[in-house]
Amino acid sequence: AASPGSFLEVQAAFDAVIDALDHPEGTEGEEGGRRKRRPDRREKTLGELLVERLGEEPETVAEVWDEIREQNLEVTAAMLTQLLHACTSLGSDGFHTAVDIIEAEECPFQLGARQSGLCSLLQLCTGPMGEDEAWDADVVVNYHVNDEDREHPNVIAAIGAVYCAGTRSPF
């Protein structure tokens, strides 16, 4: 298994190659005596770089999450969604990992990231998994959706999508 440090080095080298291909030297045109300016692109955070690894290696979600927690990195909604989707590669064990991520108190979530993650988690509960791997939406709704989450319209919509699918009832 590759270490996070080597992954970051490879990612930095890849970004440098892509930048060189996108903007070869001397190809920036001039208009009216001005050079075209390359739009400023925000540098990816360490957390975003770590989570990108999950696209190729979703089974490393526990390692990536541990690194994010150890470094106390801020978690965005997009990062949280990627983490939760990677948990599906772990089968039924992935549900517990996903819930642990949603309930983490040691990492700062960006505003709205938790609610976005809950929506993703509820959507994954209704996903195409085998009966023995199915994730339990009732557990998420009854034990992990708090009062603040219930005030968020997207969380309410996600809960409605689970229970109004014709196969479940919260009552």
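Visitor: What covers the buried residues of α9?

Guide: The cover includes α6, α7 (137-144) and α8. This is a predicted model, in which local features need a pLDDT of at least 70 and side-chain atom pairs count only at pLDDT 80 or more, while totals for chains, interfaces and linings use all residues. Residues are numbered from 1 along each chain as its sequence is written, and side-chain values use heavy atoms, with hydrogens and water left out. Contact means that heavy atoms lie within 4.5 Å.

Visitor: Which residues of α9 are buried, and what makes them lie on the same side?

Guide: In helix α9 (residues 153-163), the buried residues are Val155, Ala158, Ile159, Val162 and Tyr163. Buried means under 20% relative accessible area, exposed means over 50%, and partly exposed is in between, with a 1.4 Å probe and protein chains only. The arc is taken from the directions that run from the helix axis to the C-beta atoms. These residues cover an arc of only 130° around the axis, and therefore they sit on the same side of α9. On the other side of α9, Pro153 and Ala161 are exposed. In general, an α-helix has 3.6 residues a turn, so residues three or four places apart point the same way.

Visitor: How do you know that the buried residues of α4 line one face of the helix?

Guide: The buried residues of helix α4 (residues 77-87) are Met79, Leu80, Leu83, Leu84, Ala86 and Cys87. Seen down the axis of α4, they fall within an arc of 160°, so they line one face. Among the elements that cover them are α2 (46-52), α3 (61-70), α5 (93-102) and α6.

Visitor: What makes a stretch count as a helix or a strand, and how many of each are there?

Guide: Helices (H or I, at least four residues) and strands (E, at least two) are DSSP runs, numbered from the N terminus. The chain contains 9 helices and 2 strands. Along the sequence the pattern reads α-β-β-α-α-α-α-α-α-α-α. Of the 171 residues, 33% count as buried.

Visitor: Why is Leu124 called buried?

Guide: Leu124 has a relative accessibility of 10%, so it counts as buried. This residue lies in helix α6. Leu124 and Val162 are 38 residues apart in sequence, and their C-alpha atoms are 10.0 Å apart in space.

Visitor: Why does Thr76 count as buried, and which residues does Thr76 touch?

Guide: Thr76 is at 14% relative accessibility and therefore counts as buried. Its place is in the loop between α3 and α4. Not counting residues up to four places away in sequence, Thr76 touches Gln110 and Ala113.

Visitor: Why is Asn72 called partly exposed?

Guide: The relative accessibility of Asn72 is 45%, so the residue counts as partly exposed. Asn72 lies in the loop between α3 and α4. Asn72 also has a positive phi of about 50° although it is not a glycine. Most residues other than glycine have a negative phi.

Visitor: What is the average confidence over the chain?

Guide: pLDDT is the predictor's confidence in each residue, from 0 to 100. The chain averages 82, and 78% of the residues score at least 70. Over residues 29-35 the pLDDT is below 50, and this stretch has 6 contacts in the model beyond near neighbours in sequence.
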